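Dear colleague,

I am handing over the structure below, and my notes on its helices, pockets and backbone follow it. Please read them with the model open beside you.

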Amino acid sequence: MTSRRGPLNAGEKVQFTDRKGKRITDQLVVGGTTQTEHGLILHDDVIGGTEGVVVTTVTAKREAQVNADHPERDRTKPWKATRAIGGWQYAVMRPRLADYVLSMPRGAQIMYPKDIAQVIQLGDIRSGMSVLESGAGSGAMSLNLLDAVGESGHLTTIEMRPDFARVAEANGTLYYGERPVWWDIKVGDFDSVAATLDEHAFDRIMLDMLDPWNRLEQAHRVIAPGGVLIAYVTTTTQLSRLAEALRAAGCWTEPEIQETLERSWKVQGLAVRPDHQMIGHTGFLVVSRAMADGFAALKKRDRVTKDTTTDIDRMSDEERAAQLEDLELRDISDRKLRKVLRDLDAQVAAL
């Protein structure tokens, strides 16, 4: 495996960051270069060095774009004939895993680091565990799972599309410098592949697919009692179907559901404020645990009057009125209403 310390070697991925915070991730090649907006970075200037150094792009001259419609306008501006590029500085670092994930070639949309971190934490995925993942995509989640379980653990990834499996495997090989031996990639649909796996063989299961609610039977067969199932879905319709399927199965604990929003801040002198842009909704995480065979999950007893499934628009006026009362959507009391009106009248009078 590639060392995470010491001299930078040919074949490694490195990250170049300029003073504006713009990052470029590239693989070091003997005699190679990295194209930037400000000239070329020579890889030979980086190979053999350490992290934390600063390199400068090669200075050169290039022809500026000439006004094709009115070239005479550029004749009075000699500085536009050529433009100097280069002389721009970049700090050299090995990319963090989060940086690598965001910059690596993608065959499918990746999970964001904010969601991946929650999967590792909420899924309680630790060193030495045996984890089953379905939906490799480009390998973003796979790389983090491989790091979490370590060489003493094992990751089995099921991917339906062979091309996506190749993308994920290549990204993993580039990141580690060789193909991780504790990673097994199987191509096929989840149910067919899971049927060939040993019963209760996995400590954790991570599902990133369109219809995880259809995979719960095989998932329960291969997960160990008490094992954690965590699923990533992006829409509210998927979320609802999965949660109800987990409850209906009877062998999974009450699902815990959350999403994570990420907002960065600007801190520069007295200008301390949130950035104008943020990473909002990307997906929901649904977490549940497997009951032992023969034992049903304990369920919270809902009040009989709570009907959350009937469509109120299909009811008669009498049924609708009764349903609203059952749902505790009662009118405000006269006493409370008189107090609200007194407060509002006083506030209006003070205008």
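**Helix H5 and its surroundings**

The buried residues of H5 pack against H2, H4, S10 and strand S11 (183-187), where contact means heavy atoms within 4.5 Å, buried means under 20% relative accessible area, exposed over 50% and partly exposed in between (1.4 Å probe, protein chains only), and helices (H or I, at least four residues) and strands (E, at least two) are DSSP runs numbered from the N terminus. Please keep in mind that this is a predicted model, in which local features need pLDDT of at least 70 and side-chain atom pairs count only at pLDDT 80 or more, while totals for chains, interfaces and linings use all residues. Residues are numbered from 1 along each chain as its sequence is written, and side-chain values use heavy atoms, with hydrogens and water left out.

Helix H5 covers residues 162-176, and its 15 residues reach 21 Å from the first C-alpha to the last, close to the 21 Å expected at 1.5 Å a residue, the expected span being 1.5 Å times one less than the number of residues. Buried in H5 are Phe164, Ala165, Ala168, Asn171, Gly172, Tyr175 and Tyr176. Seen down the axis of H5, these buried residues fall within an arc of 130°, so they line one face of the helix; the arc is that of the directions from the helix axis to the C-beta atoms. An α-helix has 3.6 residues a turn, so residues three or four places apart point the same way. Just after H5 comes Gly177, which takes a positive phi of about 85°.

Helix H4 (residues 140-149) is mostly covered, with 9 of its 10 residues buried, among them Met141, Leu143, Asn144 and Leu146. Gly150, which follows H4, has a positive phi near 70°. In the loop between strand S9 (130-134) and H4 lies Gly137, which is buried at a relative accessible area of 13%. Although Gly137 and Met111 are 26 residues apart in sequence, their C-alpha atoms are 9.1 Å apart in space.

**Pockets**

On a 1 Å grid over the protein atoms alone, a pocket is an open set of points where a 1.4 Å probe fits, with protein on both sides within 12 Å along at least five of seven lines, and lining residues have an atom within 4 Å of a point. The largest pocket has a volume of about 690 Å³, a volume being the space filled by probe spheres set on the points, which are joined across faces, edges and corners. S9, H4, strand S10 (154-159) and strand S13 (223-233) are the elements that give two or more residues to the lining of this largest pocket. Of its 31 lining residues, Gly135, Glu159, Asp208, Met209 and Leu210 lie nearest the centre.

The second largest pocket, of about 280 Å³, is lined by 14 residues, of which Arg23, Leu102, Glu262, Ser264 and Ile279 lie nearest its centre. Helix H2 (residues 97-103) gives the most to this second lining, with 3 residues.

Asp124 has a positive phi of about 55° although it is not a glycine, and it is found in the loop between helix H3 (113-122) and S9. His200 likewise has a positive phi of about 55° without being a glycine, and its place is in the loop between helix H6 (190-194) and strand S12 (202-207).

With best regards
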